Amino acid sequence: MPAFGDPFAGNVERKMTKKELAQAIRLDLAGELEAIYLYDAHVQATDNVVAKKVLADIRDEEKAHIGELTTLMRYLDPEEAKLFEDGAEEVHEMMEDLGIATGSSNAQSPEGATIGSLIE
Ligand SMILES: [Fe+2]
């Protein structure tokens, strides 16, 4: 939710260190996730077709921002990038245990289910 009450909240007194930048980006990621959650809730909560289309488009733009920010994190913190890859590998191993092909990091179920399609 917006927090514009403090007129000085957006002022900066110095540049961030690399560690502070990584922390800031993690906070930015949290903001993107919250935005996705809220836009999607609003899409689900209305039958207005125009509003649904616009809000879903904005929601999907926020998902693209997640991709940009995680890519930036991989660049800024290669050790964290390795942990991201370790987590992806763990999921691929679990999927292989279940007999699900994992040719790429974008592997989908045989039905092509997405998070969105599971909702409806
Ligand atoms: Fe965004």
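Student: Does Val-43 count as buried or exposed, and why?

Tutor: This is a predicted model, and burial is judged in it by counting neighbours: a residue is buried if 20 or more other C-beta atoms lie within 10 Å of its own. Val-43 has 20 C-beta neighbours inside 10 Å, so Val-43 counts as buried.

Student: In which helix does Val-43 lie, and which residues does Val-43 touch?

Tutor: Val-43 belongs to helix 1, which covers residues 18-44. Leaving aside residues up to four places away in sequence, Val-43 touches Lys-52, Leu-55, Ala-56 and Arg-59.

Student: What share of the residues of the protein count as buried?

Tutor: Of the 120 residues, 3% count as buried.

Student: How many helices and strands does the protein have?

Tutor: There are four helices and zero strands. Read from the N terminus, the order of elements is α-α-α-α.

Student: How is helix 3 to be read, and how many of its 20 residues are buried?

Tutor: The number buried is zero, so helix 3 lies largely in the open. As for its length, one compares the span with the value expected at 1.5 Å a residue. Helix 3, residues 78-97, reaches 29 Å from its first C-alpha to its last, close to the expected 28 Å.

Student: What share of contacts joins residues at least 24 apart in sequence?

Tutor: Among contacts between residues at least 6 apart in sequence, 42% join residues at least 24 apart.

Notes. Residues are numbered from 1 along each chain as its sequence is written. This is a predicted model: local features need pLDDT of at least 70, side-chain atom pairs count only at pLDDT 80 or more; totals for chains, interfaces and linings use all residues. Helices (H or I, at least four residues) and strands (E, at least two) are DSSP runs, numbered from the N terminus. The expected span of a helix is 1.5 Å times one less than its number of residues. A residue is buried if 20 or more other C-beta atoms lie within 10 Å of its own, exposed if 12 or fewer, and partly exposed in between; C-beta atoms are placed from the backbone. Two residues are in contact if their C-beta atoms, placed from the backbone, lie within 7 Å.
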